[in-house]
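Dear colleague,

I am pleased to hand over the structure discussed in our group. Please find it directly below, followed by an account of what was found in it.

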Amino acid sequence: MITAIIVDDEKSGRETLAFILERHFSTKINILGMGSNLNEGVQLIKKYNPNVVFLDMEMPNELGLNILKKVEMIDFEIVVTTNF
């Protein structure tokens with residue numbers, strides 16, 4: 001099973017993506033946690049070591065891909081998400 005976390009500043013974005021993944025891929029993807037900013041995302045990555053991170057591209061005062069600067073070793077896939 002693929003393990004995943006979701007990082008999105010908008011609660012509705014996190015919840016909608018989680019709903020879609022759970023409804024259509026519940027036997028293939030296990031969502032381990034959700035964060036509302038990059039710092040929370042980094043903490044979740046360190047805690048769970050997921051296979052994939054669903055990452056919002058734009059968050060207040062930060063770009064999602066800046067997570068690459070905050071995580072020492074990128075051993076997971078990144079799926080960029082956006083509401084735009």
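**A salt bridge in the opening helix**

Glu15 has a relative accessible area of 41%, so this residue is classed as partly exposed. Its side chain meets that of Lys11 in a salt bridge, with 3.8 Å from N to O. Lys11 has a relative accessibility of 53% and therefore counts as exposed. The two residues are 4 positions apart in helix H1, which means that about one helical turn separates Lys11 from Glu15. The structure holds 1 salt bridge. Please bear in mind throughout that this is a predicted model.

**Confidence and overall form**

The mean pLDDT of the chain is 93, and 100% of its residues reach 70 or more. Confidence is highest in strand S1, at a mean of 98, and lowest in strand S5 (residues 62–63), at 84.

The chain contains 3 helices and 6 strands. Read from the N terminus, these elements follow the order β-α-β-α-β-β-β-α-β. The radius of gyration is 12 Å, close to the 12 Å that the globule rule gives for 84 residues, so the chain is as compact as a globular protein of that length. The C-alpha trace spans about 35 × 30 × 15 Å along its principal axes. Of the 84 residues, 39% count as buried.

Contacts across the sequence also deserve attention. Among contacts with a separation of 6 or more, 71% are between residues 24 or more positions apart.

**The nonpolar cores**

In soluble globular proteins, nonpolar side chains tend to be buried together. Which residues make up the largest nonpolar core here? This core has 12 residues: Ile5, Val7, Leu38, Val42, Leu44, Ile45, Val53, Leu55, Met59, Ile67, Val71 and Phe76. At least two of its residues come from each of strand S1 (2–7), helix H2 (38–48) and strand S3 (52–56). Helix H2 provides the largest share, 4 residues. Another core, of 9 residues, lies apart from this one, and includes Ile6, Leu17, Ala18 and Ile29.

Met59, a member of the largest core, touches Val7, Asp8, Asp9, Ser36, Asn37, Leu38 and Gly64, when residues up to four places away in sequence are not counted.

Arg14 lies in helix H1 (residues 11–25). Is this residue buried or exposed, and which side chain of opposite charge is nearest? Arg14 is buried yet has no salt bridge, and the nearest side chain of opposite charge, that of Asp8, is 5.5 Å away. A salt bridge requires the nitrogen and the oxygen to be within 4 Å. Leaving aside neighbours within four places in sequence, Arg14 is in contact with Ile6, Asp8, Asp9, Met34, Gly35 and Ser36.

Asp9, one of those contacts, is located in the loop between S1 and H1. With a relative accessibility of 26%, Asp9 counts as partly exposed. Apart from its neighbours within four places in sequence, Asp9 is in contact with Arg14, Ser36, Asp56, Glu58, Met59 and Pro60. Asp9 and Thr81 are 72 residues apart in sequence, and their C-alpha atoms are 11 Å apart in space.

For another pair, please look at Gln43, which is found in helix H2. Gln43 counts as exposed because its relative accessibility is 56%. Gln43 and Arg23 are 20 residues apart along the chain, and 26 Å separates their C-alpha atoms.

**Two asparagines with positive phi**

Most residues other than glycine have a negative phi. Which phi values do the following two residues show? Asn49 has a positive phi of about 50°, although it is not a glycine. Asn61, likewise not a glycine, has a positive phi of about 65°.

Asn49 is found in the loop between H2 and S3, and its relative accessibility of 46% means that Asn49 counts as partly exposed. Asn61 is found in the loop between strand S4 (58–59) and S5. With a relative accessible area of 84%, Asn61 is exposed.

Yours sincerely

Methods: Residues numbered from 1 in each chain as written. Predicted model: local features only at pLDDT ≥ 70, side-chain atom pairs only at ≥ 80, totals over all residues. Heavy atoms only, no water. Buried < 20%, exposed > 50% of the residue type's maximum accessible area, 1.4 Å probe, protein only. Lys, Arg positive; Asp, Glu negative; His and termini not counted. Contact = heavy atoms within 4.5 Å. Core = buried A, V, L, I, M, F, W, Y, C linked by side-chain atoms within 4.5 Å. pLDDT = per-residue confidence, 0-100. Rg over C-alpha atoms; globule rule 2.2 N^0.38 Å.
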